[in-house]
Amino acid sequence: MDRSGSFNHHTASNDSQNSWNRDTGFGANDRRFAFSRQASSKHWQDPPHTPVPINSDDSAKPLLSRNMSSINIPPGGYFASESNKFFSVKDNSGDKLSILSLTFSILENVRSGNRYMKRLFLMISLNVLYSTAELAIGLLTGRIGLVSDAFHLTFGCGLLTFSLFAIAASRSKPDHVYTYGYKRLEVLAAFTNALFLLFLSFSLAVEALHAFIQDESEHKHYLIVSAVTNLMVNLIGVWFFRNYARINLVYRKAEDMNYHSICLHVLADSIRSAGLILASWFLSLGVQNAEVLCLGLVSVAVFMIVMPLFRATGGVLLQMAPPSIPTSALSKCWRQITSREDILEITQARFWELVPGQVVGSLSLATRKGTDNSQVLEFVHDMYHELGIQDLTVQTEDA
């Protein structure tokens, strides 16, 4: 009786497993498996493990079993909960974000952060005070130009605040939701700053064209005072981030992109204010179309200094091939891998930058039957590791 019951239970398990295999396209003798050489946050110090193919024999336990529909993560063991503490997420409140708690978290990160975070917070505070004063004066005196400039500065402060938030949030460790961590927030913040500056360049070009067609160049003293004050505030920001003032900067980390975008933001605003001052001075000297010329030059200058950053951040977000690795080197690895007798072909090969300095790769290989997959994986990993690809996932499949 016991033997019969055990047999029935074993048969039911096999039937459910075979049914699952038919639904997912895997057979009983399928030897495909994925193998990643990127250590997890818990196993960084562990020695590399030899991958074991998926067999139907239960005595050999594979690294990942195909009859598992999900991977259970031990509570508090695999990923850290620093991000939950940063975002102040509470389970009993339905995962609602508290704005007040988030503000205090950012201030706490600024207090304990590096000098660039403190400088950025000081610069944002100066811009907020200045834009508030400019808005109040513009509303009291009825100066539309001051109100418009105040809104422009307020929007810029919002972008800089997002950059500050990205710096603070990127210090959080990976969790069960964002398994790669929050470093890409800094790339997103840099892309947002670059997009805003391109829009600023376009708006300056339209303003110059409108002044040329309508000939509405006018010497406004209150705007000149505003431009001079704004220039002084932005020059402080340029001095704070002067180490990132180069146009074609080599990005080694995600924060390099963010700091570079902040520097270009305040630099573009400085160029804009300087252009308005020069236009006013030329107009006072009687130079015709001085505003058109100055605004046009400022528009071109802003576009030229921002476009390299826009391309770099857009390439990372679109998962473009990593620029740090030459295409010829990837092609050479491809040829060396396919030249092995036990490898028939490479079906898929994808490489991209998660953030600057961290390259991710995915590779699918078709191997001959009876091939020692562990040797193939070691060979492929060593080939791409020399190129700087730290996170490589290799999948093998018998042809």
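Predicted model: local features only at pLDDT ≥ 70, side-chain atom pairs only at ≥ 80, totals over all residues.

The largest nonpolar core has 42 residues. Among those with the most contacts inside it are Leu 120, Met 123, Phe 241 and Val 306. Which helices supply at least two residues each to this core? They are H4 (115-141), H5 (144-169), H6, H7 (221-240), H8 and H9 (290-317). H6 gives the most, with 9 residues. Val 306, for its part, is in contact with Ala 194, Leu 197, Leu 198 and Leu 264, leaving aside its neighbours within four places in sequence. Another core, of 19 residues, lies apart from the largest one and includes Leu 330, Ile 346, Leu 392 and Val 394.

Next, Asn 193, which is found in helix H6 (residues 184-214). Is this residue buried or exposed? Its relative accessibility is 1%, so Asn 193 counts as buried, the limit being under 20%. Beyond its neighbours within four places in sequence, Asn 193 is in contact with Leu 159, Ser 163, Ser 261 and His 265.

On the surface, Leu 278, Trp 281, Leu 285 and Val 287 form a nonpolar patch, with about 390 Å² of accessible area together. Trp 281 belongs to helix H8 (residues 254-284) and is partly exposed, with a relative accessible area of 48%.

Finally, the cysteines. Cys 157 counts as buried at 6% relative accessibility, and Cys 294 counts as buried at 7%. The structure holds 0 disulfides.

Technical notes. Residues numbered from 1 in each chain as written. Heavy atoms only, no water. Disulfide = S-S within 2.5 Å. Buried < 20%, exposed > 50% of the residue type's maximum accessible area, 1.4 Å probe, protein only. Helix = DSSP H or I, 4+ residues; strand = E, 2+ residues; numbered from the N terminus. Contact = heavy atoms within 4.5 Å. Patch = residues over 30% accessible without salt bridge, like charges linked within 9 Å, V, L, I, M, F, W, Y side chains within 5 Å. Areas by Shrake-Rupley, 256 points an atom, 1.4 Å probe, with all protein chains shown as cover. Salt bridge = Lys/Arg side-chain N within 4 Å of Asp/Glu carboxyl O. Core = buried A, V, L, I, M, F, W, Y, C linked by side-chain atoms within 4.5 Å.
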